[in-house]
Amino acid sequence: MPSPADDLSRIASWCRDQRHQDAQLADLRRLVEQESPSDDKELLDATAGLLEELLAERLGPPSRTVRHRNPDLGDVIEAEYAGAPGALVTVVGHYDTVWPAGTLAGWPFTVDGGRAGGPGVFDMKAGLAQGIWALRALRELGLPRPTVRFVFNGDEETGSVTSRPYIERATGDANATLVLEPGGEWGVKAGRKGVGIFTVTATGIEAHAGLDPTKGASAIHGLSDVIQQLTAAADLSRGTTVNVGRISGGTARNVAAGEASCLIDLRVSTQAETDRMDRVLAGLHATDPRVAIAVEGHWSRPPMHPDAAGGRLFAVADEVAAHLRAPLAQLHVGGGSDANFVAALGRPVLCGMGATGDGAHARHEHVLLDDVPDRTALTAGTLLRLAGA
């Protein structure tokens, strides 16, 4: 009778089979070549449809499926494949990307020197393909598997505002949750920062900059005061960062601006820093009292910290990883993900089960193809263990 170690060896061999690698790469190409910017409903719907096709092609019809429709943002797909009684694992991934429609025309999907590149390939379409193929490996090999509930959402890059309730509900009765975000080297992400998304608007008084310089109160000058206050509040020693991502405002060179605004990204490692930055936001002010400052936005994700439940789940994946290659690294990163929501509820979750590569949200975004088979096997082996095998 095959031992548990033998089963992991069979999974690794199956995932490393060149035929399976080629087919998985073809699926990845299809996903990347279907653009899916977070703000394009038509393209998001097409991508959700493609994922439903890939699930059916690679795994057959789900035992339960529902597509939660959204009139403006990406739909949430839930597709469940029945497995061992009493064992349920939710597998989460997002299909939206930061890349605008038309990016593919100047930056097509390419494979070169062991790397696959293209918009969204690393964050996180390779992970989506890996999750599907991990379950396929178990099914093809006839190995035990838990019931797997895939949850694919199309608004993660904008904060998962509409999909968060579905993710929280879909993980409530699960024994564990695996999130297919990119990994790092041979590791998974045990800690993530909390994320705040805010817009700061300054409202001043328009006036001719030459004829009536004292009558005007520049919103742009006031916004500059605010930006300096925000950046001064950043504290790398506490894990708190501030980024001003975009500034807009004013009407002409010789007009004191009546309005100006900026988009702010905040990252924090602790709840104490969340509270401190809330106080900073509440106290923002312009030097000129005639300029009014307004802040809109929210904390889209709480900080994610390792806990006992997550530690037990990590031990399961680590045992699998050690057999496949080497023990896993526990990574702590500044980016947030949908795993933050799950961890905040005290539920066991592992993030970063997806691809190895680099360049998320950058033009050098790529996946290391030599790592794809082992990363797929890591997810498959973890599912095997969570089925009680």
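**Pockets and cores**

Modeller: The lining of the second largest pocket comprises 9 nonpolar, 6 polar and 4 charged residues. Here Ala, Val, Leu, Ile, Met, Phe, Trp, Tyr, Cys and Pro count as nonpolar, Asp, Glu, Lys and Arg as charged, and the others, Gly among them, as polar. This is a predicted model, in which local features need pLDDT of at least 70, side-chain atom pairs count only at pLDDT 80 or more, and totals for chains, interfaces and linings use all residues. Residues are numbered from 1 along each chain as its sequence is written, and side-chain values use heavy atoms, with hydrogens and water left out.

Biologist: What is a pocket, and which residues are the closest to the centre of the second largest pocket?

Modeller: On a 1 Å grid over the protein atoms alone, a pocket is an open set of points where a 1.4 Å probe fits, with protein on both sides within 12 Å along at least five of seven lines; lining residues have an atom within 4 Å of a point. In this case 19 residues line the second largest pocket, and A217, S218, H221, A256 and A257 are the closest to its centre. The largest share of that lining, 4 residues, belongs to α7; helices (H or I, at least four residues) and strands (E, at least two) are DSSP runs, numbered from the N terminus.

Biologist: What volume does the largest pocket have, and which residues lie nearest its centre?

Modeller: A volume is the space filled by probe spheres set on the points, which are joined across faces, edges and corners. For the largest pocket the value is about 1,000 Å³. Its lining has 39 residues, with V98, E157, D265, R267 and H361 nearest the centre. By class, 13 are nonpolar, 14 polar and 12 charged.

Biologist: How many residues does the largest nonpolar core have?

Modeller: A nonpolar core is a set of buried Ala, Val, Leu, Ile, Met, Phe, Trp, Tyr and Cys residues joined through side-chain atoms within 4.5 Å. Buried means under 20% relative accessible area, with a 1.4 Å probe and protein chains only. The largest core has 54 residues, and L350 is one of those with the most contacts inside it. Its largest share, 10 residues, comes from α5.

Biologist: Is C351 buried or exposed?

Modeller: C351 counts as buried because its relative accessibility is 0%. C15, at 4%, likewise counts as buried. With a disulfide taken as a pair of cysteine sulfur atoms within 2.5 Å, the count is 0.

Methods. Buried means under 20% relative accessible area, exposed over 50%, partly exposed in between (1.4 Å probe, protein chains only).
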